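Let's go through this one by question and answer. Have the sequence and the model open as you read.

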Amino acid sequence: MKKILLITFLLILSNCSTPYQKNSFTGGYKDNQLSHNSFRVVAKGNAFTSLDKVQNIVLMRAAELTVNNNYDVFEIIKSNARINSSIVSNPGQTITTYTPGQASSSATHGGYISTIKKPTAEIIIKMYKYSELNTTKDKLLKDRNYGASLFIGEETKKYLSSSFK
């Protein structure tokens with residue numbers, strides 16, 4: 001019975017990579033404000049989520065925070081991405097049979113060892129208005145730093161929103 005429940009649970013989760021959502025049992029983002037114009041954003045994925053996806057989740061959340069706080073641009077001050085691994089083992093079941101007058105025999109059936117990998121991405125952002133950077137949206141789009149460390153909030157949201165539908 002336990003095995004059937006486990007298999008059913010795993011089948012339900014098998015197509016469940018972490019969606020774009022606040023942190024929950026299946027992963028998601030969380031953020032905390034560090035100053036009036038900076039935030040720390042962390043996204044954690046479940047075992048069915050790629051590292052690329054959690055990196056996109058932190059970028060999307062950073063873009064939302066930028067727009068929601070009436071800023072235009074965010075800069076990534078610090079970033080970190082990693083995969084946390086854990087090993088799960090199930091030794092299986094050993095059955096011993098004994099027949100009077102004969103030696104006992106044992107056999108082990110089933111069992112497995114698997115590695116579960118869960119990605120995490122974290123960024124610290126600082127938000128600006130175009131005027132603080134002495135630039136405009138058009139100038140910034142042509143700047144070599146755009147997309148490397150500087151991102152336009154509304155453009156980033158527009159670009160990433162299709163990947164979370």
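Q: Is Thr66 buried or exposed, and at what relative accessibility?
A: First, the ground rules: this is a predicted model, where local features need pLDDT of at least 70, side-chain atom pairs count only at pLDDT 80 or more, and totals for chains, interfaces and linings use all residues. Residues are numbered from 1 along each chain as its sequence is written, and side-chain values use heavy atoms, with hydrogens and water left out. Buried means under 20% relative accessible area, exposed over 50%, and partly exposed in between (1.4 Å probe, protein chains only). Thr66 therefore counts as buried, at 0%.

Q: Which residues is Thr66 in contact with, leaving aside neighbours within four places in sequence?
A: Contact here means heavy atoms within 4.5 Å. With those neighbours set aside, the partners of Thr66 are Tyr71, Asp72, Val73, Phe74, Ile125, Met127 and Gly153.

Q: Why is the pair of Phe74 and Phe151 stacked?
A: The structure holds three aromatic pairs. Rings of Phe, Tyr and Trp (its six-membered ring) pair if their centres lie within 6.5 Å; planes under 30 degrees apart count as stacked, over 60 as edge-to-face and the rest as tilted. The centres of Phe74 and Phe151 are 5.2 Å apart, and the pair is stacked because the planes are at 15°.

Q: What lies over the face of Tyr71?
A: A charge sits over a ring if NZ of Lys or CZ of Arg is within 6 Å of the ring centre and within 35 degrees of the ring normal. At 5.4 Å from the ring centre of Tyr71, the residue over its face is Lys129.
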